[in-house]
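These are my notebook entries on one structure. I record what I looked up, with the criteria applied.

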There are 2 protein chains.
Amino acid sequence: MKQSKKHAITIQDVAKAAGVSVSTVSRVLNERVDVAQDTQERILSVIGELGYTSNLAARSMRSRHTNLIGLIIPDIGHPYSLEIMKGVNRAIAESEYSLMVYTTGDVQKHSTADHEQHYVSLLNNSITDGVIVVAPVASQFVSDAPIVSVDPHKQKRGYPSVHATNYQGARDAIQYLIGLGHTRIGFIAGRPELESAERRLRGYRDVLTEAGIGIDEDLIVQGDFTLKVGAQCAHKLFELPNPPTAIFAGNDQAALGVYEAAAEKGLRIPEDFSLIGFDNIPEAKYLGLTTVDQFLSEMGFIATKMLIRMIHDEELEEETIQIPTELLVRNSCKSLVSLVV
Amino acid sequence: MKQSKKHAITIQDVAKAAGVSVSTVSRVLNERVDVAQDTQERILSVIGELGYTSNLAARSMRSRHTNLIGLIIPDIGHPYSLEIMKGVNRAIAESEYSLMVYTTGDVQKHSTADHEQHYVSLLNNSITDGVIVVAPVASQFVSDAPIVSVDPHKQKRGYPSVHATNYQGARDAIQYLIGLGHTRIGFIAGRPELESAERRLRGYRDVLTEAGIGIDEDLIVQGDFTLKVGAQCAHKLFELPNPPTAIFAGNDQAALGVYEAAAEKGLRIPEDFSLIGFDNIPEAKYLGLTTVDQFLSEMGFIATKMLIRMIHDEELEEETIQIPTELLVRNSCKSLVSLVV
DNA sequence: TTGAAAGCGCTAACAG
DNA sequence: CTGTTAGCGCTTTCAA
């Protein structure tokens, strides 16, 4: 209501309208106490009238305190990312921070260490108080503000990260299947370059060996964490002369692939065989399959809590948290999340 | 490698290291052509070595060009939001822009017009070139940068918005059910204060009236777009002396509620009755239910494309786009998305 | 209790 | 082709 419509209202406009200096307005904005009661009220009411919102860019530049947390996440549309975001969101909701999710749209094109570092710098050197990086391939990050990584591709040092206990989760899952009486358990492996996939496989091998059942290499097929290849893998397993009576799918998409392959063959889960999948699978509830579940969201939650503690300058000690996470559908096995500094 | 570790590398550091002035570095950064070849190369290599990333805050403050689009969305964890984000993401991926998703964590606590305006100002007055506001309750926004809204609660003027053709979609759905031979079709309504819910109901009433079937008010029950209440509504319908042979659920969650209620009663879909739902329902694929689908993602996509055109200063004319969106599962009816300026 | 003034890192004239 | 300079809107000493 003042002058050019094109120009946003600044702290100057507020100061002028309230008949004070900008520094006084700034003090009110930052909830300093050393401002006279009536001055404060006047400024506040002017702010309300003018609909002033402080310029984030300018504020970030001057003060190292934006109350903004950045989340750098590969593919916003992927269920994996979504679950983690949910957990982050939960932690954000009960904090004084707001969340800025940064994504570049396409997983394939941007998941390089260079890009990750770029986004970390972009956010942390400017508008965020700290960032969470999900599933980074980068080993190191240069940043003056705190960083936490979630589910990094490879075990790394230098900054804290939250890991799923993939090994223990897979162990629990296989033990659960053995408890059901299965001895021929198929395994659809994930992308071998990922530490998580490798650990799940190791859990499978170890439990089967320990149980005296032994490993039949024909029962281990190489998937890639996609539904399509998961279905192909399942077909391979079903065509075996001596097919498995249960399948452990490396992740959610693979599990759905198995489900579709089973449906094609007219098999029913869990009547004809047992299917257990890793990662969150919303459909599991209706499809009768068992999942090692909820840990994605939990990882996001823990990472966010940690980051906030770091921002508050609480020095993190070398520590490990273990958080039990129930299986969603119908059993007693547990998955865990661990924190590694 | 220069001085205090705590301090991020600035354009000054780069200039010093390259033996040029900051403005020259800035020119290279902004891909100006009027820089000598060798100077440019030298600066670029220094940037690489130092791992310099330009300060977003500072850059935003000086130039109206951040290549960042803001998405203001109520609840990141809700399937509704997710679908829209997917569409936005798709459009972002094929553009030169990056996406900044802004959420405050909790739908209930923050979905007020004031908050919406606050976030619009926060982003648009500082770091974004434009914003997309999803499901706003606010009627107007003050902002110097472009705004597009998606699926606003009430029809509003002043800025462009993308609407689902809820009326036509509901019409198509009901016609589809009539085509299947149904005459007693239950309707689970959504929150009555939302225009979308009201339009769907109107589509239902109109088609039934036009078809000469007439309206049985007992078949219309008041839901609230949640699974729990959806299930209760379904129970109410099933308990009717003359229960419906088909149910149209106002949205995805309600449809799942109906599914669960049906499962409890031992009913099977679609053998025992037909169930059709609005909004994206991933589970639909496995549950045999029909959906009016994909339009959420489409709305996000269109809104983003529009916003980018607006940022590029292409004046938007009064126009309407109609985009046919197939039903997901098994039929021929279509839903549409329209654009209103 | 308040104001004046100095920058934060960057871009964009304007000179050279 | 390149350097100098003046701010963008804000916070923060330092005085008054």
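Which helix supplies the largest share of the surface near DNA strand D? I found that H2(A) does, with five residues. The model is predicted: local features need pLDDT of at least 70 and side-chain atom pairs pLDDT 80 or more, while totals for chains, interfaces and linings use all residues. Residues are numbered from 1 along each chain as its sequence is written, and chains are lettered from A and ligands numbered from 1 in the order written.

Entry on DNA strand D. I counted a residue as near if its C-beta atom, placed from the backbone, lies within 6 Å of the strand. 27 residues surround DNA strand D, and Ile11(A), Ser23(A), Ala58(A), Arg62(A) and Ser23(B) are the closest. By class, I noted ten nonpolar, twelve polar and five charged residues (nonpolar: Ala, Val, Leu, Ile, Met, Phe, Trp, Tyr, Cys and Pro; charged: Asp, Glu, Lys and Arg; polar: the others, Gly among them).

Entry on chain A. I read 13 helices and twelve strands, taken as DSSP runs (helices H or I, at least four residues; strands E, at least two). Of its 341 residues, 51% count as buried, meaning that 20 or more other C-beta atoms, placed from the backbone, lie within 10 Å of the residue's own.

Entry on H10(B). I compared its length with expectation: twelve residues (227-238) at 1.5 Å a residue should span 16 Å, and the end C-alpha atoms are 16 Å apart, which agrees. The expected span is 1.5 Å times one less than the number of residues. Buried in H10(B) are Gly230(B), Ala231(B), Cys233(B), Ala234(B) and Leu237(B).

Note on methods: Buried ≥ 20, exposed ≤ 12 C-beta atoms within 10 Å, placed from the backbone.
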